[in-house]
Amino acid sequence: MSLRSQSTLQNPARAGQAPAVPPDAVRPASWRGLAAGPAVAVLTVVAALVATHSAGVAFRDPDHVALGYVAMVGAAVALLVGSDIVLRAARGAGTRRPSRAAMRSVQRERWAPARGLAVGCALVSFYVTYLAYRNLKAVVPMLRPGELFDSQLAGLDRSLFGGHDPAVLVHSLLGTGISTQVLSSVYVAFIVFLPLSLAVALVFARELPTSLFYATALSLNWVLGAASYLLLPSLGPIYANPAVFAHLPHSEVTHLQQVLLDQRIAFLRDPATGTPQSIAAFASVHIAMSFTAVMAAQLLGLHRRLRITLWTWLTVTLTATVYLGWHYVVDDLAGLIIGAAALALARALTGFDLGTARRRRGMTAARAATADAARA
């Protein structure tokens, strides 16, 4: 056999054929991995139906927010799937413009209908859980009327900081000028970070079980967050002690805080017509979701730059929650616990084998490096 024939057998793409797809990229998920997300969604909806019935209000999706997220993030996922196919085909063929045959091969191997259905189901389950979470959060003041733990949470904060208010300390350290606008922008950016994190995990994770594990962990944050609101109902520093934040300049966050307060007042006055209120301090779901993303990247051994970026995001977001008055420090600490607990519960529900995933990731990276070296 000639050297050229041997080369063609080892790398079909050189002969104009579609490149082979690494087998770990198409490893199917177990039934537990497939069922975990929908199960969390169904159970959370049942809990929300019971809670809203007890509170005497209807279960609803005000302004069709959850439905809108499904449509918007679903479209983003579809675009990312197309990008994934092109990038993988290009990498396998060693060219920037892969052939249609190469892209069809990747589509058949990696994005067969079964995988697309699993990803779509995980996405819908996440936002169904969010819808249920929003309804649970709304009725907390009706299920526990007149019960607020802001004074106790603020007292715990002061005890942690030697009798000082941590928000005052952060204001003194960072100032109240450009820092307000930067931290406000970071806090508001969470509305982009969360769906982007989910979409990227669903599309670009090498293995479907990893995608489903992460999506389930994010969904569980909604559940644990709603439970924490019922455990210790609270408003947050900006509402319990607004004088501490009165000197901050106007920002997108100050506008949002006023909107949420107006919605809470209107909802409690007339729950049937008002937009469901969404004020709750303990615990911080912003921090919980962000910490889940950070720890997932750490546990899976993702690229160092990505891990550094996520740690930076978490640190700045945590600072913003205290600086802007959304949360007490103990709310953020509880958020870290919830984020870690969500990952642990997701592993138990999906049966995700973290050790195997890390080994297979290492093997795939080694194969990719070898292939790149061979092409070079």
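A search of the whole structure finds 14 aromatic pairs; rings of Phe, Tyr and Trp (its six-membered ring) pair if their centres lie within 6.5 Å. This is a predicted model, in which local features need pLDDT of at least 70, side-chain atom pairs count only at pLDDT 80 or more, and totals for chains, interfaces and linings use all residues. Residues are numbered from 1 along each chain as its sequence is written, and side-chain values use heavy atoms, with hydrogens and water left out.

**Exercise 1.** Classify the pair formed by Tyr187 and Trp326.

*Solution.* Step 1: planes under 30 degrees apart count as stacked, over 60 as edge-to-face and the rest as tilted. Step 2: the ring centres of Tyr187 and Trp326 are 4.9 Å apart and the planes meet at 10 degrees, so the pair is stacked. Step 3: Tyr187 belongs to helix H9 (residues 178-188) and Trp326 to the loop between helix H15 (304-323) and helix H16 (329-350), so the pair ties together parts 139 residues apart in sequence. Helices here are DSSP runs (H or I, at least four residues), numbered from the N terminus.

**Exercise 2.** Determine whether Tyr187 is buried or exposed.

*Solution.* Step 1: buried means under 20% relative accessible area, exposed over 50%, partly exposed in between (1.4 Å probe, protein chains only). Step 2: Tyr187 has 8% relative accessibility and therefore counts as buried. Step 3: Trp326, at 9%, is buried.

**Exercise 3.** Classify the pair formed by Phe291 and Trp311.

*Solution.* Step 1: with centres 6.4 Å apart and 70 degrees between the planes, this pair is edge-to-face. Step 2: Phe291 is buried at 13% relative accessible area, whereas Trp311 is partly exposed at 35%.

Notes
Helix = DSSP H or I, 4+ residues; strand = E, 2+ residues; numbered from the N terminus.
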